[in-house]
Amino acid sequence: TERMLVEFARASWWRKARLQPERVRQVLAKVRSDGLAATLGAVRAKLQQAVPLGYSQAGVVVALGEGVRDFAVGDRVVSNGPHAEYACVPVNLCARIPQAATPLADEEAAFTVLGAIALQGVRLAAPTLGETFAVFGLGVLGLLTVQLLRAHGCQVVALDLDAGRLALAAEWGAQVVNLAETPDPRPLVQAMVGPAGLDGALLTLASASDGPVHQAAQLCRKRGRLVLVGVTGLQLQRADFYEKELSFQVSCSYGPGRYDPAYEQRGQDYPLGFVRWTAKRNFEAVLALLAERRLDVRPLITQRVPFAEAQAAYAGLGRAGGLLGLVLDYGDAPAEPPTADQRLVTRPRPARPGALRVALVGAGDFATQRLLPALKAAGAELALVASPGGTRAAWAGLRFGAAGITSEVERVFSDPAVDAVVIASRHDSHARLVVQALQAGKPVFVEKPLAVDPAGLAAVTTAHEAAAAPLLAVGFNRRFAPLVQRLKRLLARLGGPRSLVLTVNAGALPAEHWSLDPHEGGGRLVAEGCHFVDLLRDLAGAPIRDWQVTAQGPDAQTFTLSLRFHDGSTGTLHYLASGHRSFPKERLEVFAGGAVLQLDNFRVLRAWGLAGVSTQRRWRQDKGHDACLAAFLAAVRTGEAPVPFAELHEVSRVTLEAAAAAAANAR
């Protein structure tokens, strides 16, 4: 995996495009919808992002999160944390290293997560005592798989191109086939296992060819089992599987629970009586085998590198012949974990006279692709980037020249060098962080939504009322878009109430997406619908009198929200998750005073019934992000909020009430 990531990072744009054709199709669709410049900017920002490497480690617990009871400070544990001196890991992806007569060395325990990947593949193959299995590919996963199959009482045929790895597999009791000398392994394998063929095969290799699957299928008996643990071409030949009724399955990482937010992030375990082997229980099983010396990883360690030399080790990863397992050693840990001050990385530099010093909380895609460039364009000085994910904070801070980088979010509220705070963290933290900023006397800009529940909105309201000099802005950027500003000027020439129709071709999100969780993301009506309620409220120019919502499906990804305003205007938001991505994402139509205005995806503004008004086009999409943040920074100097708090509260309240009604109707 790590070699693949390093090679992908080094590849040219053309090579990256060839490796990910589906991404290319998504990029082309975005070009048609949003324009070339906006798409190139998004692609460039995505490709420049730093990715934490590594996911198999052993260490010592230095601190516990709230509610963690299964571990204690000082426990030796394994986890799927990244390569780092300190890592914050989920409780269900962490396991205690068992006590043993011969203590298990840290470098041995560090292979546990890799062992769990191999073990999950073996579990899916469901071997029984006496069966015969082939293992295609003898990297770390393949050699672990050989040992696990032998521990199950199976005969094993190991196939690879490397004589050294084949010799290691033979030491563990496997019969071996050197594919460099025997391109067609069928006669040799049949001589080893008999005419019936293999009971199954595990593919633990990395190949772009379809050949390994074809060979494995040919070697299996009727109703044999194939499990893909690695990466290979998947142009399957129907005859291979049809005639023998073979089964084929792809193994997913460490086991059940992997990629399930409830299991990983919220610590909700699966009942043992229903799911015997979860990811964590696979960790524990591997640790037990290591402690009992029935699984030996010591021969897999071909290089030990001090962490300080990790960069050089990665540079040679692709060309290191014979490399199997590379262990990074962090040396002796300090007696105490670093303090908050020690976790702050500073880059001292003279402040520009008159520049506002802004701290950013959160360093996700939106923050790095939209907010930080907008802050830079507005002339702000980046005083601090704070994010629990140290890698993201470091990458964002270094790229945009932050004076400080920290994983301690609380620091931004106490630092006297911070003039204003911009919050771009997960939605469920917005209200809490806004309250902290207001209580600290910091002007605060928070990305939408302001709150994901009424309690959060009430807390913000109380803090705003109590603040000595409250200044709060929400990232309702669409009202600041240049073409929206132009549309408002044209509307000012028209009399009477307005009828507004806003269609959003949002596209569907997978059911497990975090933003659909009502507690974490708020659901789409709260998380994104508030954007459009604010835009309609701004264009109507009058408070919302009442509303009505109709939603489809239990997760309300598609909904229609109708608004009536006190001046007689109406607004209808059609938020649709069932459309096609090639259709423009957003279209606004305004009917008023005998005229019609149409805004198409923030790139084209057309008018009917307004003399002398021509169609206005922009060569790149502009949804108002730069202007929105510039208005906030100007407000920091003047003390006057760009949007009155009463409007922010009104929009937030209406979307929360509508979301609750949609959820109640779904039940």
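Me: Where in the chain is serine 515 placed, and is serine 515 buried or exposed?
Reply: In this predicted model, serine 515 belongs to the loop between β19 (499-505) and α21 (524-527). Residues with under 20% relative accessible area count as buried. Serine 515 has a relative accessible area of 6%, so serine 515 is buried.

Me: How far apart in space are serine 515 and glycine 609?
Reply: In sequence, 94 residues separate serine 515 from glycine 609. From C-alpha to C-alpha, the distance in space is 41 Å.

Me: Which charged residue sits over the ring of tryptophan 514?
Reply: The contact is made by a charged end placed 4.1 Å from the centre of the tryptophan 514 ring. A charge must be within 6 Å of the ring centre to be counted. The residue that carries this charged end is arginine 426.

Me: At what distance from the ring centre of tryptophan 277 does arginine 276 lie?
Reply: Arginine 276 is placed over the face of tryptophan 277. Its distance from the ring centre is 4.0 Å.

Me: How is the aromatic pair of tyrosine 254 and phenylalanine 283 classed: stacked, edge-to-face or tilted?
Reply: A pair of aromatic rings is described by the distance of the centres and the angle of the planes. Planes under 30 degrees apart count as stacked, over 60 as edge-to-face and the rest as tilted. For tyrosine 254 and phenylalanine 283 the centres are 5.5 Å apart and the planes make an angle of 55°, and the pair is tilted.

Me: Which parts of the chain does the pair of tyrosine 254 and phenylalanine 283 link, and are the two residues buried or exposed?
Reply: Tyrosine 254 and phenylalanine 283 are 29 residues apart, and their pair links distant parts of the chain. Tyrosine 254 is in the loop between β9 (247-250) and α12 (261-264), while phenylalanine 283 is in helix α13 (residues 279-291). Both tyrosine 254 and phenylalanine 283 are buried.

Me: Which strands does the pair of phenylalanine 559 and tyrosine 575 tie together?
Reply: The rings of phenylalanine 559 and tyrosine 575 are stacked, at 4.9 Å centre to centre and 5° between the planes. Phenylalanine 559 is buried, as is tyrosine 575. Because the two residues lie in separate strands, the pair ties together parts that are 16 residues apart in sequence: β21 (residues 558-565) and β22 (residues 570-576).

Me: Which residues form a cluster through ring pairs?
Reply: The count of aromatic pairs comes to seven. Ring pairs link three residues into a cluster: Phe532, Phe559 and Tyr575.

Me: Is glycine 255 buried or exposed, and how far in space is glycine 255 from leucine 124?
Reply: Glycine 255 is placed in the loop between β9 and α12. Its relative accessible area is 7%, so glycine 255 is buried. Glycine 255 and leucine 124 are 131 residues apart in sequence, yet their C-alpha to C-alpha distance is 9.6 Å.

Me: What is the phi value of tyrosine 259?
Reply: Tyrosine 259 is found in the loop between β9 and α12. With a relative accessible area of 52%, tyrosine 259 is exposed. Its phi is positive, in a residue other than glycine, and is near 70°.

Me: What is the phi value of glutamate 245?
Reply: Glutamate 245 has its place in the loop between α11 (238-242) and β9. Its phi is positive, in a residue other than glycine, and is near 55°.

Me: Which residues are joined by a cis peptide bond?
Reply: Proline 449 is placed in the loop between β17 (444-446) and α19 (454-466). The cis bond has an omega of about -5° and joins lysine 448 and proline 449.

Me: Why is helix α7 described as largely enclosed by the rest of the structure?
Reply: Helix α7 (residues 140-151) reaches 17 Å from its first C-alpha to its last, close to the 16 Å expected. The buried residues include Val140, Leu144 and Leu149. Helix α7 is largely enclosed because the buried residues number 10 of the 12.

Me: How are helices α6 and α7 oriented to each other?
Reply: The axes of helix α6 (residues 112-125) and α7 come within 9 Å and cross at roughly 55°. The crossing is right-handed. The angle therefore makes α6, relative to α7, oblique.

Me: How are helices α22 and α24 oriented to each other?
Reply: The axes of helix α22 (residues 529-540) and helix α24 (residues 645-666) cross at roughly 130° and come within 9 Å. The crossing of α22 past α24 is right-handed. The two helices are therefore oblique.

Definitions and conventions
Residues are numbered from 1 along each chain as its sequence is written. This is a predicted model: local features need pLDDT of at least 70, side-chain atom pairs count only at pLDDT 80 or more; totals for chains, interfaces and linings use all residues. Side-chain values use heavy atoms; hydrogens and water are left out. Rings of Phe, Tyr and Trp (its six-membered ring) pair if their centres lie within 6.5 Å; planes under 30 degrees apart count as stacked, over 60 as edge-to-face and the rest as tilted. Helices (H or I, at least four residues) and strands (E, at least two) are DSSP runs, numbered from the N terminus. Buried means under 20% relative accessible area, exposed over 50%, partly exposed in between (1.4 Å probe, protein chains only). A charge sits over a ring if NZ of Lys or CZ of Arg is within 6 Å of the ring centre and within 35 degrees of the ring normal. The expected span of a helix is 1.5 Å times one less than its number of residues. Axes are lines fitted to C-alpha atoms, for helices over the stretch in contact, and angles run from 0 to 180 degrees between N-to-C directions. Angles under 35 degrees count as roughly parallel, over 145 as roughly antiparallel, 65 to 115 as roughly perpendicular and the rest as oblique. A crossing is left-handed if the near helix is turned anticlockwise from the far one by less than a right angle, and right-handed if clockwise.
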